[in-house]
Amino acid sequence: MDGNRRYAKRKNLEEGTGHEVGFATLMSMLKYCYELGIKYTTIYAFSIDNFKREPKEVQHIMDLMQEKIEKLLKEDSIVNQYGVRMYFIGNLKLLNESVRTAAEKAMIATAKNTKFVLLICVAYTSSDEMVNAVQESCRDKWDQIRASSNVVKKDKHDKHDEIQAINGVESETKHDEQYHAIQLIDIEKHMYMSVAPDPDIVIRSSGATRLSNFLLWQTTNTLLLCPRALWPELSLWHLVWAVLNFQHNYSYLEKKKKQL
């Protein structure tokens, strides 16, 4: 959702107003997605790098985020109208307590919704996601190694084990090494985005042709579209254009997936 600040400057709006307009655009775009039957929608709301902005702006965005999260839980909100389950994706420990609490309440309140899924990436970067996944995978494997080591120590005097040792323990050692090695599946199950399939389309507003540390792991075979419009200027036409482009490239993308 790139271009809120530039939109405000272009329209000579007060500081921070661009984010308000951007939220209104988000609600419209989500409604269009749900009407088209698009089950999974992911938005990049706030990068970890955005914490480097002026403290006043960061605080304004956090306050706005908390306000909008709480509004999304109201009975007449788009979340309840369309049965949307919400996930907040990222290093949530970096958020202030009030925003983090609001996010956690939203995830609990919508946990039984099954029709659509909204993933909100906040305090997120793809590099942080990958580092966290590797760390969690290492912790899991280390726990497995310690658990198996305890079993070996407990049974070390067992005659059956002694016979196995005599016959050759090398094959078992190799098997253990393979079992304890970190596999691709271990990394992927610890990714923040493991709750959703990889995206089919990424729309980057404002004409920028880079992902800016967003879903780098998940977008190997994703269609990237970069309309020149700033985020508050996006409309139904841009979404329809994206869907038509995806349909046109569908066969090619599916072929690439099968080659992996």
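1. Basis. The model is predicted, so local features need pLDDT of at least 70, side-chain atom pairs count only at pLDDT 80 or more, and totals for chains, interfaces and linings use all residues. Residues are numbered from 1 along each chain as its sequence is written, and side-chain values use heavy atoms, with hydrogens and water left out. Helices (H or I, at least four residues) and strands (E, at least two) are DSSP runs, numbered from the N terminus.

2. Sheet. Three strands form an open sheet in the order β1-β3-β2, with parallel pairing; two strands pair if DSSP finds at least two bridges between them. The edges are β1 (40–47) and β2 (84–89), each with a single partner strand, so one side of each has no neighbour in the sheet. On average, neighbouring strands are turned by 15 degrees against each other, direction ignored.

3. Pairing of β1. Seven bridges join β1 to strand β3 (residues 116–124) in the parallel sense.

4. Helix α2 (residues 17–35) lies across β1, β2 and β3 and runs at about 160 degrees to β1. Helix α3 also lies across β1, β2 and β3, at about 150 degrees to β1. Axes are lines fitted to C-alpha atoms, for helices over the stretch in contact, and angles run from 0 to 180 degrees between N-to-C directions. Contact means heavy atoms within 4.5 Å.

5. α3 with α5. Helix α3 (residues 55–72) packs on helix α5 (residues 97–109) at about 25 degrees, with the axes 9 Å apart. That makes α3 roughly parallel to α5 (angles under 35 degrees count as such). The crossing is left-handed, that is, the near helix is turned anticlockwise from the far one by less than a right angle. From α3, Met62, Met65, Gln66 and Ile69 meet Ser98, Val99, Ala102, Ala103 and Ala106 of α5. The contact of α3 with α5 has seven nonpolar, two polar and no charged residues.

6. α2 with α3. The axes of α2 and α3 come within 11 Å and cross at roughly 30 degrees. The residues in contact are His19, Glu20, Phe23 and Met27 of α2 and Glu57, His60, Ile61, Leu64, Lys68 and Leu72 of α3.

7. Salt bridges. The whole structure holds 14 salt bridges (a side-chain nitrogen of Lys or Arg within 4 Å of a carboxyl oxygen of Asp or Glu). Asp186 lies in helix α9 (residues 184–189) and Lys141 in helix α6 (residues 126–154), so the pair ties together parts 45 residues apart in sequence.

How values were computed
Parallel < 35°, antiparallel > 145°, perpendicular 65-115°, else oblique. Nonpolar A, V, L, I, M, F, W, Y, C, P; charged D, E, K, R; others polar.
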